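Thanks, everyone. I'll take the side-chain contacts in this one, rings and then charges. Have a look at it first.

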Amino acid sequence: MKRQSRAGQLRGFREHFYRQVIDAQADQPLRVLAYSLVPSPRARPDEDWGTLQAEADQLGYAIAARLHDVAVPVTTTYFPASSASQGVYTPPWDRPGWREAERQLRAGLADGVLVLDRHNISSDDDEYHVVIKHLGEHCRAFLHLVIPEEPLAPT
């Protein structure tokens, strides 16, 4: 139950920055960076690009650039009693594609980042929260997920 409530908090936090960007827009289409994290150097993000393009088309977003990184496992020893939580893969800020996304956002070339799901950013709640906050506060940008953190209840 705690995991679900954290997912809801993270979703609300992410949507807060989306609203801030929307409120600052002057009736122009939102420009987004399509970002994908592929599982291996041999993998291609083509399938993700198709899904991200369809989402952008549906929402009226313009894709400014497509960026991707290869998921690299973290080679850190985990201590079960440690309060430090860590993701399974390299944190986004240590990935070249993600650093380029942040550079483009800071330069005003896009308003947000479009990804398939939060795991393209981080599976770790604390790390994911830091990324959302950084995008919103330092890049004045939002993160849009095709698959939200917490599925909506059926109506």
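**Aromatic pairs and salt bridges**

Across the whole structure, a search finds 4 aromatic pairs. To pair, rings of Phe, Tyr or Trp (its six-membered ring) need centres within 6.5 Å; planes under 30 degrees apart are stacked, over 60 edge-to-face, the rest tilted. One of the pairs is Phe-13 with Phe-17, edge-to-face, 5.1 Å centre to centre and 80° between the planes.

Before I go on, the ground rules. This is a predicted model: local features need pLDDT of at least 70, side-chain atom pairs count only at pLDDT 80 or more, and totals for chains, interfaces and linings use all residues. Residues are numbered from 1 along each chain as its sequence is written, and side-chain values use heavy atoms, with hydrogens and water left out.

Phe-13 and Phe-17 sit 4 residues apart in helix α1 (residues 2-24), about one helical turn. Helices here are DSSP runs of H or I, at least four residues, and strands are runs of E, at least two, numbered from the N terminus. Phe-17 is buried, at 5% relative accessibility. Phe-13 is partly exposed, at 22%. The cut-offs: buried is under 20% relative accessible area, exposed over 50%, partly exposed in between, with a 1.4 Å probe and protein chains only.

Next pair: Tyr-18 and Phe-142. Their ring centres are 5.1 Å apart and the planes stand at 80°, so this is edge-to-face. Tyr-18 is in helix α1 and Phe-142 in strand β4 (residues 142-145), so the pair ties together parts 124 residues apart in sequence. Phe-142 is buried at 1%; Tyr-18 is partly exposed at 29%.

Now the charges. How many salt bridges does the structure hold? It holds 7, counting a side-chain nitrogen of Lys or Arg within 4 Å of a carboxyl oxygen of Asp or Glu. Among them is Asp-111 with Arg-31, at 3.3 Å, N to O. Asp-111 lies in the loop between α3 (96-106) and β3 (112-115), Arg-31 in strand β1 (residues 31-38), so this bridge links parts 80 residues apart in sequence. Asp-111 is buried at 7%. Arg-31 is partly exposed at 31%.

Helix α3 has its own. Arg-103 and Glu-100 are 3 residues apart there, about one helical turn, and their closest N and O atoms are 2.7 Å apart in a salt bridge. Glu-102 and Arg-106 also both lie in α3, 4 residues apart; their salt bridge is at 3.8 Å. Glu-102 is buried, at 12%.
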